[in-house]
Amino acid sequence: MPDKPKITPKVAIFATCINDVMFPETVIATVQLLERLGCTVEFPVEQSCCGQMFTNTGYFREGLGCVRSYVEAFSGYEYIVGPSGSCVTAVRDQHPMLAAQSGDAGLAAAVDDVVRHSYELTEFLCDVLEVEDVGAVFAHKVTYHLTCHSLRFARLGERPLRLMSKVRGLELIELEGFDQCCGFGGTFCVKNPDVSADMASCKAGYAVDTGAEYLVSLDNACLLNIGGVLHRAGSSLKPIHLAEILACGEGGL
Amino acid sequence: MSDNRDKEQGLGNESSAGAGGGAGAGLGVGTGTVASTHQRRTPAPPAGRLIDSPPFPAAAARLIGNQTLRANMRHATHTIRAKRAKVAAELPNWEQLRQAGAQIKDRLGRHLDYYLEQLEANLIANGAQVHWAADADEANRIIIELVKAQDVDEVVKIKSMVTQEIEMNEALEAAGIAAWETDLAELIVQLGHDRPSNILVPAIHRNRDEVREIFLREMKLYGKPAPEDLDNEPAHLAAAARAHLREKFLRAKVAISGANFCVADTGTLVIVESEGNGRMCLTLPDVLISVTGIEKLVPTVEDLEVMLQLLPRSSTGERMNPYTSMWTGVTPGDGPQEVHVVLLDNGRSRVLADPEGRAALRCIRCAACMHSCPVYERVGGHAYGSVYPGPIGAILSPQLRGINDAVDKSLPFASTLCGACAEVCPVKIPIPDILVHLRHRIVEEVKRKHLGLERFLMGVAGWAMARGRRFGRLGKLAGVARRLTGREYLRRLPGPAHNWTRARDLRMPPKQSFRSWWKKEHG
């Protein structure tokens, strides 16, 4: 029997720009999963992006619009949930810094408030709903890439593994160097293309070596990078976001 | 973005580490700067100045294709990384030690003027002589004068990063003084006409076959030759080095060292090392000159309790380093009878003045960040064009040297911000945060001067992302692009974006965004 959620609150979904445009299936799966667990899901349309592409490249002022749109979209929500360790980390770790640098005290206060209510998906499932078995069925061999931002910044710890361990039929194969960066690094991949490509190839190689059917992670940006290498190599290994696995019921994908 | 042209020219044109020139040599830094007007006493390092090195992406593109270097680096970094993780995990209070280490160094920074004067007073009270140097030139002038006053033309050296930073060996060489490196790895680097590629393991880029070759070729030119039948066994290589160095130890009147720590409240200097060469330098010669950056102080002797646990476990992955030498001025009848300490600024005050960047001065030079870095592991230290490579180098070198040259403007971008470095740093330097801070400083500087493609694109994207509805409307263009190309993946993108498609395909967005789906389903 799937775990019964401790609460079933109203949730504002933070789609993130890359998922909204490039990976809508991940956000749709997140919505379906949360609704299946009894939550009421809303999508505030004023949201855009976490802004880390700007911040991490040194363009603080250009990223400020993202900070403002996040506040505008999500102020007042108790639970804001995004299917990305990286984007949620950018909101929590960088928005306060950007707001402080802007000198806008009102914005800084609003950011502090909204940031406290922002959760990465597996945090929300494990810590707020207090569920591990979400009733998912996924009868496939998968291997798991811990993304840097999930591991070292969002500090998700064992949460993703706990959730995966309760998925019916799922066989997890350990990935060599699972905690090593895939080399994407935002604009790093175009500013330092040789090193980035080498890291991505290395990661893709280890993933293929597992013999898994799916490469699962919590950040689609990393999967875009590794997946690009896999596609070029003609590999049958398919990148997939964990939300899509957790949303799978009987009947599978 | 102009870096890419340089890089493509450099692709695949280096297949092995040149034995004599070293992996760091000839990175397009020009030639002919090594003076040839006098007979050199010591092996010449690669031509050119580090500060003139090419930007990181170009250097990395050349070095990443060097398979020998790759294999050497991967083996060494993975070995030492695992050792560090094991011994750090042994201590139940490791996180508290890291916290204490950070706080000790922060306290030092807050009251640096006080602790420096306290150190000076205690050194003088214990018979040492103190010299202040604002920059590398002043430090080298002081050191040369001190050596010349002894009427000698050679010194023995303990491995020291700060003497690398001020390029002391070459300054001494130009003054007719031979500085002999006595640390095994530094000896390999010196005899190899090379530069260190790691602050802890200077010859980490060399394997034992290369070391054997260097010893056989070079030792005979500078002292006791290597045995003719020398093989690549580490013990035999070490024995050859020991024999070569012994005559230099016994002859030396003057030794030069750095310092791992300088204790302000006692006037004690500390050197930690593994080989005993440091102990020889600190005890045999009559005169000892120690050069140290002003950030190397700790306020009290109790602080060493923390630092001497953090440093060996983080650096060599040992519970305790084999040799810890401490000396407080002059001890009559025991060891050097003339002790000098040169306190060096060389940009440190400027770093301390930057609230966001100053945590870089906490660094105790353990190299754990390098050994954990997936970028450093692939290209080695020479790609960084600075004495301090790897993650700490990427935040420290540009700050110390000032962000003026091409290499220093590239270093803060030489990271994926994966955070592996900050996780292992024994003094909790927030390296990714400081990288981002320095990127911001560089971008602001560029903005003052010209427009540029990147700035234009960031400006447009920033405008597009500033309003959710605007972003939603523009996002529909992605779906249009998909319909027009009719393809799920693109194999080649134009312009700088080809940096992505050179190695990987680009997944195209689906025809319908999430936003459109939501509007249809819930709107």
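Modeller: Here is a walk from the interface into chain B.

Some ground rules: this is a predicted model, so local features need pLDDT of at least 70 and side-chain atom pairs count only at pLDDT 80 or more, while totals for chains, interfaces and linings use all residues. Residues are numbered from 1 along each chain as its sequence is written, chains are lettered from A and ligands numbered from 1 in the order in which they are written, and side-chain values use heavy atoms, with hydrogens and water left out.

On to the interface. Chain A puts 68 residues in contact with 68 residues of chain B (contact means heavy atoms within 4.5 Å). About 6,100 Å² is buried between them, and carbon and sulfur atoms give 60% of that; buried area here is the accessible area (1.4 Å probe) that two parts lose on being put together, summed over both. Tyr59(A), Asp194(A) and Arg232(A) supply 12% of what chain A buries against chain B, more than any other three residues.

There are 11 salt bridges between chain A and chain B, a salt bridge being a side-chain nitrogen of Lys or Arg within 4 Å of a carboxyl oxygen of Asp or Glu. Arg467(B) makes one with Glu72(A), where the closest N and O atoms are 3.7 Å apart. On chain A's side, helix 11 (residues 193-209) brings the largest share of the residues touching chain B, 10 of them; helices are DSSP runs of H or I with at least four residues, strands are runs of E with at least two, and both are numbered from the N terminus. That side of chain A has 35 nonpolar, 19 polar and 14 charged residues, where Ala, Val, Leu, Ile, Met, Phe, Trp, Tyr, Cys and Pro count as nonpolar, Asp, Glu, Lys and Arg as charged, and the others, Gly among them, as polar.

Arg61(A), Glu62(A), Glu444(B) and Lys447(B) are linked in a network of salt bridges. Within it, Glu444(B) pairs with Lys447(B), closest N and O atoms 3.4 Å apart. These two are 3 residues apart in helix 20 (residues 431-449) of chain B, so about one helical turn separates them. Both Glu444(B) and Lys447(B) are buried (under 20% relative accessible area; exposed is over 50%, partly exposed in between, with a 1.4 Å probe and protein chains only).

Helix 20 of chain B also holds Glu445(B) and Arg448(B), again 3 residues apart and about one helical turn from each other. Their salt bridge has its closest N and O atoms at 2.8 Å. Glu445(B) is partly exposed at 27% relative accessibility, whereas Arg448(B) is exposed at 62%.

Elsewhere in chain B, Arg362(B) bridges to Asp106(B), with the closest N and O atoms 2.8 Å apart. Arg362(B) sits in the loop between helix 14 (348-352) and helix 15 (368-372) and Asp106(B) in helix 4 (residues 94-110), so the pair ties together parts 256 residues apart in sequence. Arg362(B) is buried at 12% relative accessibility, while Asp106(B) is partly exposed at 28%.

As for chain B as a whole, the chain has 24 helices and 12 strands, and buried residues make up 58% of its 523 residues.
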